[in-house]
Each structure stands twice: as structure tokens, then as C-alpha cells.
Amino acid sequence: MATLHPHINFNGNAREAFEFYRSVFGGEFSRILYLRELAGPDVPISDEDADKLLHIALPVGTGMLIGNDVPSFLGRVNEQENRSKISVRAGSREEADRLYHGLSQGGTVEAPIGESPWGTYFGMFRDKYGIEWIVETDR
């Protein structure tokens with residue numbers, strides 16, 4: 001069976017964001033790589049980009065939340081776009097409440113957590129890093 005592994009781009013604050021996500025989901029990072037680790041004669045890395053993350057991964061359930069910082073030569077990420085959301089399926093209402101309130105801290109609520117018209121317990125928000133989330137459970 002396939003699993004989804006959302007990958008999020010950041011403007012230089014990926015480590016901070018992933019520390020925040022780890023504080024909510026728990027667990028340990030499975031891998032952290034910095035752009036400076038790629039530096040060499042064939043791959044010049046600017047001083048501005050050296051301490052940016054090339055890759056960070058946090059196991060969550062059977063999936064993985066992955067992220068990186070965008071190198072300056074690629075431009076900035078638009079943190080206010082409305083293209084997609086990360087959907088988290090909780091195992092209970094208690095877990096849904098914990099995740100919703102933890103991840104939405106400092107962010108903007110788009111739909112308070114509660115009963116949805118389609119019969120689930122549902123909430124939607126943009127976190128303090130501009131990432132859009134849905135937290136939902138059938139239980």
C-alpha cells in the first residue's frame with residue numbers, strides 16, 4: 001500500500017518549523033542534511049545558503065513529514081498561497097484536539113474543530129509558518 005510523505009519548502013526557517021512540528025507530533029528526526037554538506041568544487045554553496053536545510057524528515061505514524069529550505073538562487077516560497085493542505089487523520093477526538101490546538105498555535109484558524117457536515121470531527125487552519133492543515137477523525 002502506498003503512503004504519503006508531504007514535503008514542505010521553507011524560506012530559511014525549516015529547522016524552526018520542524019522543531020515545532022516535533023513538539024506536537026513527538027518522535028525524532030530521521031535525517032537532517034544542510035546545504036553546506038553538498039559544497040565542493042562542482043557544487044558551490046553561498047554563505048547565505050550554507051546553514052539552510054537541504055533535507056529534514058520527521059516520521060509521523062506510517063508516513064514521513066519532509067522539508068527543506070529553498071536556496072536563495074531559486075527565490076522565495078509564497079507562504080500565503082492556497083494550493084494545498086496537509087491532512088492528518090487522527091485516531092480519536094482527543095488526538096484530533098491535541099494536534100489541532102498544538103499545530104494551530106500562533107496560526108490562523110480557517111475552520112474551528114468540530115462536527116463537519118459530512119459526519120467527521122474536522123478542523124482547518126494555517127500554521128504560524130504559512131502551512132495549511134486539516135485535522136480530522138471519524139471517531
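The model is a predicted one. Its C-alpha trace spans about 55 × 30 × 25 Å along the principal axes. The accessible surface is about 8100 Å². Carbon and sulfur atoms hold 51% of that surface.

Two helices and eight strands make up the secondary structure. Their order along the sequence is β-α-β-β-β-β-α-β-β-β. Among contacts with a separation of 6 or more, 54% join residues 24 or more positions apart. The charged side chains number 14 positive and 21 negative. The centres of these two sets lie 3 Å apart.

## The sheet of E1 to E4

Four strands form an open sheet in the order E1-E4-E3-E2, and the pairing is mixed. E1 and strand E2 (31–34) stand at the edges. Each has a single partner strand, so one side of each lacks a neighbour in the sheet. On average, neighbouring strands here are turned by 15° against each other, direction ignored.

E1 runs parallel to strand E4 (residues 63–69), joined by four bridges. One of the residue pairs is asparagine 9 with its bridge partner in E4, asparagine 68. On the pairing of E4 with strand E3 (residues 53–60), the sense is antiparallel, with five bridges. There, valine 60 stands opposite glycine 63 of E4.

Helix H1 lies across E1, E2, E3 and E4. H1 runs at about 5° to E3.

| Strand pair | Sense | Bridges | A bridge pair |
|---|---|---|---|
| E5 and E8 | parallel | four bridges | arginine 89 and glutamate 136 |
| E7 and E8 | antiparallel | six bridges | phenylalanine 125 and tryptophan 133 |
| E6 and E7 | antiparallel | five bridges | glycine 114 and phenylalanine 122 |

Such pairing within a sheet works through backbone hydrogen bonds, either parallel or antiparallel.

Which residues of E8 are buried on each of its faces? Glu132, Ile134 and Glu136 lie on one side, and Trp133, Val135 and Thr137 on the other; all are buried. That makes six of six residues in E8. Two of these residues return in the table: glutamate 136 is the partner of arginine 89, and tryptophan 133 is the partner of phenylalanine 125.

E7 and E8 also form a hairpin, with five residues between the strands. In that hairpin, glycine 130 takes a positive phi near 90°.

## Helix H2

The buried residues of H2 are Ala96, Leu99, Tyr100, Gly102 and Leu103. What do these buried residues pack against? They pack against E5, E6, E7 and E8, and also against helix H1 (14–25). H1 in turn lies across the strands of the other sheet, E1, E2, E3 and E4.

## The segment after E8

Arginine 139 is found in the segment after E8. Is arginine 139 buried or exposed? Its relative accessibility is 65%, so arginine 139 counts as exposed, the cut-off for exposed being over 50%. Arginine 139 still has contacts beyond its neighbours within four places in sequence: Gly91, Ser92 and Arg93. Arginine 83 is 56 residues away from arginine 139 in sequence. In space the two are 28 Å apart, C-alpha to C-alpha.

How values were computed
Residues are numbered from 1 along each chain as its sequence is written. This is a predicted model: local features need pLDDT of at least 70, side-chain atom pairs count only at pLDDT 80 or more; totals for chains, interfaces and linings use all residues. Side-chain values use heavy atoms; hydrogens and water are left out. Contact means heavy atoms within 4.5 Å. Accessible areas come from the Shrake-Rupley method with a 1.4 Å probe; for residues, only the protein chains shown count as cover. Lys and Arg count as positive and Asp and Glu as negative; His and the chain ends are not counted. The place of a charge is taken as NZ of Lys, CZ of Arg, CG of Asp or CD of Glu. Two strands pair if DSSP finds at least two bridges between them. Buried means under 20% relative accessible area, exposed over 50%, partly exposed in between (1.4 Å probe, protein chains only). Axes are lines fitted to C-alpha atoms, for helices over the stretch in contact, and angles run from 0 to 180 degrees between N-to-C directions.
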